Amino acid sequence: MNEQEHKGKLDGRVAIVTGAAGGLGAEAARVLAAHGARVAIVDIDGEGARRVAAGIDAQGGQALALQCDIASEAEVSAMVEAVVARFGRVDVLHNNAAVLNVEQRRRDRDVVNMDVEAWDRAMAVNLRGAMLCSKYAIREMLKHGRGSVIFVTSGLGAQGDLSLTAYAASKAALAMLARSVAAQYGKQGIRSNALQIGLAPAENAHESMPAPLLEILRENHLTPELGTPRQIADVVAFLASDESAFVTGTTLVADGGFGSHTPSLVAMKALFAQTGAKGM
């Protein structure tokens, strides 16, 4: 094999992954590192970030753990400075961090019953945090005339639901933020996309989602099973790499077909199965 064949598609790149102390963020960081990127593991959970970084280092990668509340501009600015001090540049920003723990789910309800503090927290982390990370990371990308910014969105940002109103509103806004970044900095080499993900439960998701709810969601996917964190991370790596060099200003959907069909599909399939059994 020649030298080029030994190289990963992200060799020489530096990636920042927020919310990377566990779950989908941690898996994205591991996959980016496996493709050759040096990765900053950013999370408000500093100890968790250090564990993920240590795991990447143990596999021969290079990772830097940074504790950061991305809702704080001062902390975000310092975080990006630390990444540049260690790795010299920023090429990829994966805006993955979001607040959606059990307590937040309980308080982020329908509009009439919305806990305003939960609303503000969702906007501070999910939306303000992504904007702040983009603000400071893009400044570094512009110095080299190249960069990829990825914003994690959700089907909840495109489809109305019974609860999680603040989360949904923040995710809808991120899709527009992705387009704004693409329009503003595309001619300077910066690509920006939203990644609308389906349900790919990680180790930190099952406790906040009851089994009956998971089953309803599984039935509404067009794939045999729910997604896996690795399947989402592979799409992140695609958007981070030159393989997606002509993809910008759009939303890439990786949701197992969840958002592609009419909501009555599952019930209709059950009806057809029942009538078919009766010979109708």
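First, a term: a nonpolar core is a set of buried Ala, Val, Leu, Ile, Met, Phe, Trp, Tyr and Cys residues joined through side-chain atoms within 4.5 Å. Buried means under 20% relative accessible area, exposed over 50%, partly exposed in between (1.4 Å probe, protein chains only).

Now the sources. This is a predicted model; local features need pLDDT of at least 70, side-chain atom pairs count only at pLDDT 80 or more, and totals for chains, interfaces and linings use all residues. Residues are numbered from 1 along each chain as its sequence is written, and side-chain values use heavy atoms, with hydrogens and water left out.

The largest nonpolar core holds 33 residues. Ile-16, Met-79 and Val-83 have the most contacts inside it. Elements giving this core two or more residues include strand 1 (14-18), helix 4 (73-87) and helix 6 (116-142). Helices (H or I, at least four residues) and strands (E, at least two) are DSSP runs, numbered from the N terminus. Helix 6 gives the most, eight residues. Apart from this core lies another, of 32 residues, among them Ala-20 and Val-92.

Next, Asn-126, in helix 6. Buried or exposed? Buried, because its relative accessibility is 0%. Its side chain makes a polar contact with the side chain of Ser-170, at 3.1 Å. That term means a pair of N or O atoms within 3.5 Å; within protein, one must be able to donate a hydrogen and the other to accept it, and residues adjacent in sequence count only if both atoms are side-chain atoms.

Last, Ala-158, in the loop between strand 5 and helix 7. Ala-158 is exposed, at 58% relative accessible area.
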